[in-house]
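Colleague: I would like a close look at one part of this model. Please keep to what can be computed from the atoms.

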Amino acid sequence: MGSWMLYGANGYTAGLILERALKAGHQPVLAGRNAESINALGAQYNLPVRTFPLDAPETVRSALQNIDTVLHCAGPYSATAAPMIEGCLAVGANYLDITGELDVFAHAHAQHQRAVDKNIVIMPGTGFDVVPTDCLASMLKAELPDATELVLAFEAGGGPSQGTAKTAVEGLGKGGRIRRDGKLERVPLAYKTRTFDRDGDARFAMTIPWGDVYTSFVSTGIPNVEVYMGVPPATAERVRRLNWVRWLLGIGPVQNYLKSKVRSGGPGDDKRANTDTVVWGEVRNAAGQEVKKQLRTPNGYDLTAESALKILEAVRAKQPAGGFYTPSKLLGKDFVLSLSGCRLV
């Protein structure tokens with residue numbers, strides 16, 4: 001077995017993963033595009049480093065020599081996932097990342113047969129995007145096997161990291177997504193709104209193009225999927241107004257301007273420790289029968305650090321057959337309940 005690589009090691013979420021990895025005795029290869037930051041990190045922890053961009057396939061292949069698994073943490077994944085997946089396919093290294101970007105899941109899934117042929121695992125979404133929601137969807141499917149509709153929702157605290165915020169900016173120009181009759185369908189931003197019960201209070205939420213719109217179909221086969229995020233009603237209204245200028249939001253200069261307004265870093269230790277997340281799931285079959293479940297998790301960034309590392313350890317130890325995986329397909333629907341502070345309520 002070779003070494004594993006943490007790419008984008010100087011990022012906020014990667015830093016949380018690295019902290020846990022070091023405590024568990026790992027010695028990953030630290031990698032990324034910023035030589036100054038990566039070299040400083042390597043010196044700080046006395047770990048090997050490799051600095052390389054992702055725009056030259058030969059460079060990526062060379063940098064991945066003797067690496068058995070890459071945990072990719074450098075967004076935006078719409079730009080970085082494909083070249084890293086190609087590099088992993090070329091050298092026979094497992095590919096893991098922490099994205100929630102729907103189109104990245106679709107691209108990764110399209111490489112399934114190539115991953116089978118190379119006997120490597122391709123698994124985006126090893127963090128909060130999409131471990132809790134994917135596992136909850138599979139729990140619900142197990143209780144209502146003939147379900148035809150799936151609704152997932154979450155309300156998270158702690159605020160986004162810089163990378164997550166920039167990913168959200170990228171998504172504005174693409175609009176919303178749902179799955180209808182097994183097919184992905186583009187819809188307006190904040191296409192639907194509704195409420196979910198949290199401790200007896202109604203929590204307002206709007207539809208978002210979350211990764212589960214893609215992955216839950218792979219995990220469960222349920223053909224109709226909507227995913228919601230808890231937001232204030234005023235936020236949903238503002239997002240809906242953006243539909244009038246959505247074409248403008250995807251233009252390069254506008255994207256660059258919006259991204260320049262994103263603050264660096266992410267939530268501090270105290271804020272992460274004092275915020276949690278609620279995940280809702282509902283399924284319904286053609287006869288109108290319903291099953292609902294609710295899941296409590298720690299702050300999404302802490303969950304990501306733990307789940308991504310656990311999945312990496314499982315992949316390296318168990319060496320599963322090659323192919324595209326979702327969390328519940330790889331480790332079972334109850335995997336999320338093995339994570340610290342995760343429980344059904």
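Which residues line the largest cavity?

Modeller: This is a predicted model, in which local features need pLDDT of at least 70 and side-chain atom pairs count only at pLDDT 80 or more, while totals for chains, interfaces and linings use all residues. Residues are numbered from 1 along each chain as its sequence is written, and side-chain values use heavy atoms, with hydrogens and water left out.

The largest cavity is lined by Glu149, Leu150, Val151, Glu282, Val283 and Arg284. A cavity here is a set of points, on a 1 Å grid over the protein atoms alone, where a 1.4 Å probe fits but cannot get out; a pocket is an open set with protein on both sides within 12 Å along at least five of seven lines, and lining residues have an atom within 4 Å of a point. Two elements give two or more residues each to the lining of the largest cavity: strand S7 (147-156) and strand S13 (276-285). Strands are DSSP runs of E of at least two residues, helices are runs of H or I of at least four, and both are numbered from the N terminus. The space in this cavity is about 30 Å³, where a volume is the space filled by probe spheres set on grid points joined across faces, edges and corners. The structure holds one cavity of 30 Å³ or more. Its lining divides into three nonpolar, no polar and three charged residues; Ala, Val, Leu, Ile, Met, Phe, Trp, Tyr, Cys and Pro count as nonpolar, Asp, Glu, Lys and Arg as charged, and the others, Gly among them, as polar.

For comparison, the second largest pocket has a volume of about 230 Å³. Of its 12 lining residues, Asp68, Gly92, Asn94, Asn119 and Gln319 lie nearest its centre. Strand S4 (67-72) gives the largest share of that lining, three residues, and H14 also supplies at least two. By class, the pocket lining has five nonpolar, five polar and two charged residues.

The 15 residues of helix H4 (residues 77-91) should span 21 Å at 1.5 Å a residue, and the end C-alpha atoms are 20 Å apart, which agrees; the expected span is 1.5 Å times one less than the number of residues. Among the buried residues of H4 are Met84, Ile85 and Leu89, buried meaning under 20% relative accessible area, exposed over 50% and partly exposed in between, with a 1.4 Å probe and protein chains only.
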